[in-house]
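Subject: Handover of a structure and summary of findings

Dear colleague,

Please find below the structure that I am handing over to you.

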Amino acid sequence: MDPLSGSAPVEPKPTMKSDRGGSPVRHLILIGACYMDTILTVPSFPEEDSKLRATELQVRRGGNCPNTLEVFQQLLSSLPSNSNSATGSESTIKPTAYLVSSLPDREASATNKILSSFGASVVDNDSRGGHDDADPGSRINFDHCLYRAGHQEPASSYIIRSSATQSRTIVNYNELAEMTTDEFIKIVKTFVDDPNGSGGDDLWWHFEGRIPTTTLQCIRHLRDVLPSSCISVEIEKPNREGLDRLAAEADVVFYSRTWAESRGYTGPEACLRGEAISPGPSLMLCTWGEQGASGLFPSGGGEWEYMQYRAKLSGGDISVVDTIGAGDTFIAGMLFGLVCHTHDWSQQERLAFATELATKKVQIDGFAGLLG
């Protein structure tokens with residue numbers, strides 16, 4: 001056990017639902033942008049005002065939360081029916097996963113392409129009460145997506161991937177209106193009014209730290225109307241002011257290496273200990289490329305426990321093929337452990353699982369076959 005340094009100890013929030021028992025998580029709602037990615041693989045990054053032939057072209061659905069859901073969907077499919085651990089009890093029912101994202105017009109071909117990319121036959125599934133009857137090909141509910149009438153084109157991301165350095169240079173274009181706080185409040189109301197709900201105790205909300213001001217308002221609204229909900233947030237982009245305020249409001253925080261380095265941290269432990277605040281999250285995590293991932297969580301008596309895990313490879317070095325979505329895969333693995341293995345996995349086991357999963361992802365192209 002490692003107490004935080006400093007004159008005053010940092011007091012963590014009360015233990016989150018993932019570690020205290022109670023109602024199982026039945027609804028996992030992910031809020032973030034959805035993109036269509038155009039990926040150009042080139043021998044090396046081009047110089048300005050030059051011409052270069054790409055060696056590969058891919059077009060696929062992207063976005064942090066959609067990527068996480070694609071992986072989470074695979075993990076759910078690996079579980080026994082109606083159970084997510086060896087206990088087989090009612091407390092281990094598979095959750096329904098939801099995407100909340102701005103999409104083109106409901107009838108646009110781009111929208112159909114995005115939804116079908118999850119392997120789903122798009123069904124009208126008000127699955128809050130009956131998700132066990134949902135299409136077995138997809139346990140993702142798209143009813144709360146925000147379909148922008150009249151828009152035919154999705155948010156787009158153009159990625160130049162260098163074979164020489166594995167760097168990724170990304171240019172985004174998005175003409176779809178972002179989710180507003182009022183739109184989110186309407187979505188939350190459907191869960192507040194759910195006759196089968198438990199006052200939020202069976203809900204987990206995960207936010208991409210996208211528009212900090214709006215996201216902060218959404219989190220605070222959840223604290224007001226569904227105070228028992230668990231909330232996680234991703235802190236990734238270094239140029240977004242206000243992300244640290246989101247972390248202070250969340251139960252679980254995912255920090256990226258890019259964000260940590262922009263704050264002057266030289267390693268994951270320094271980041272986690274440096275960002276610990278009072279009151280603060282019950283679990284903080286930070287990924288650090290080839291060094292794996294780390295976590296910090298309360299161990300009692302005002303002390304915190306630091307953990308670190310690096311993938312153990314039987315065949316030697318990692319052969320990096322595709323790093324796009326590695327962080328999203330890590331988040332999927334952690335959410336799977338927190339939501340679906342509440343009682344039978346320790347925090348260290350969850351971290352090890354998520355890190356191994358992300359390590360496997362960078363060795364394959366895309367996300368298909370992660371569990372193969």
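In which sense do S14 and strand S15 pair, and over how many bridges? The two strands pair in the antiparallel sense, over 7 bridges. Please note that this is a predicted model.

Strand S15 covers residues 303–309, and within this pairing Pro298 stands opposite Trp304 in S15. The hairpin of S14 and S15 has 2 residues between the strands, and Gly301 takes a positive phi near 65° there. On the other hand, S14 (residues 293–300) is also joined to strand S13 (residues 283–287), by 4 bridges, and these two strands run antiparallel. Thr287 stands opposite Ala293 in S14. In the hairpin of S13 and S14 there are 5 residues between the strands, and Gly289 has a positive phi near 55°.

These strands belong to an open sheet of 9 strands, in the order S6-S4-S1-S10-S11-S12-S13-S14-S15, with mixed pairing. Strand S6 (140–141) and S15 stand at the edges; each has a single partner strand, so one side of each is left without a neighbour in the sheet. Elsewhere in the sheet, strand S1 (residues 27–31) pairs with strand S4 (residues 96–100) in the parallel sense, over 5 bridges. His27 has Thr96 as its bridge partner in S4.

Two helices that pack on the sheet may be described next. Helix H2 (residues 64–77) touches S1, S4, S6, S10 and S11, and its direction makes about 165° with that of S4. Helix H10 (residues 347–361) touches S13, S14 and S15, and its direction makes about 30° with that of S15.

Helix H5 deserves a separate paragraph. With 14 residues (212–225) at 1.5 Å a residue, H5 should span 20 Å; the C-alpha atoms at its ends are 20 Å apart, which agrees. Among the buried residues of H5 are Pro212, Leu216, Cys218 and Leu222. The buried residues of this helix pack against helix H4 (181–192), strand S10 (203–208), strand S11 (230–235) and helix H6 (243–249).

The structure holds 3 cavities of 30 Å³ or more, and about 220 Å³ of space lies in the largest cavity. The largest cavity is lined by 20 residues, of which Gly32, Ala33, Glu178, Met179 and Arg210 lie nearest its centre. S10 and H5 each supply at least two residues of that lining.

Yours sincerely

Note on methods: Residues are numbered from 1 along each chain as its sequence is written. This is a predicted model: local features need pLDDT of at least 70, side-chain atom pairs count only at pLDDT 80 or more; totals for chains, interfaces and linings use all residues. Side-chain values use heavy atoms; hydrogens and water are left out. The expected span of a helix is 1.5 Å times one less than its number of residues. Buried means under 20% relative accessible area, exposed over 50%, partly exposed in between (1.4 Å probe, protein chains only). Contact means heavy atoms within 4.5 Å. Two strands pair if DSSP finds at least two bridges between them. Axes are lines fitted to C-alpha atoms, for helices over the stretch in contact, and angles run from 0 to 180 degrees between N-to-C directions. On a 1 Å grid over the protein atoms alone, a cavity is a set of points where a 1.4 Å probe fits but cannot get out, and a pocket is an open set with protein on both sides within 12 Å along at least five of seven lines; lining residues have an atom within 4 Å of a point. Grid points are joined across faces, edges and corners, and a volume is the space filled by probe spheres set on the points.
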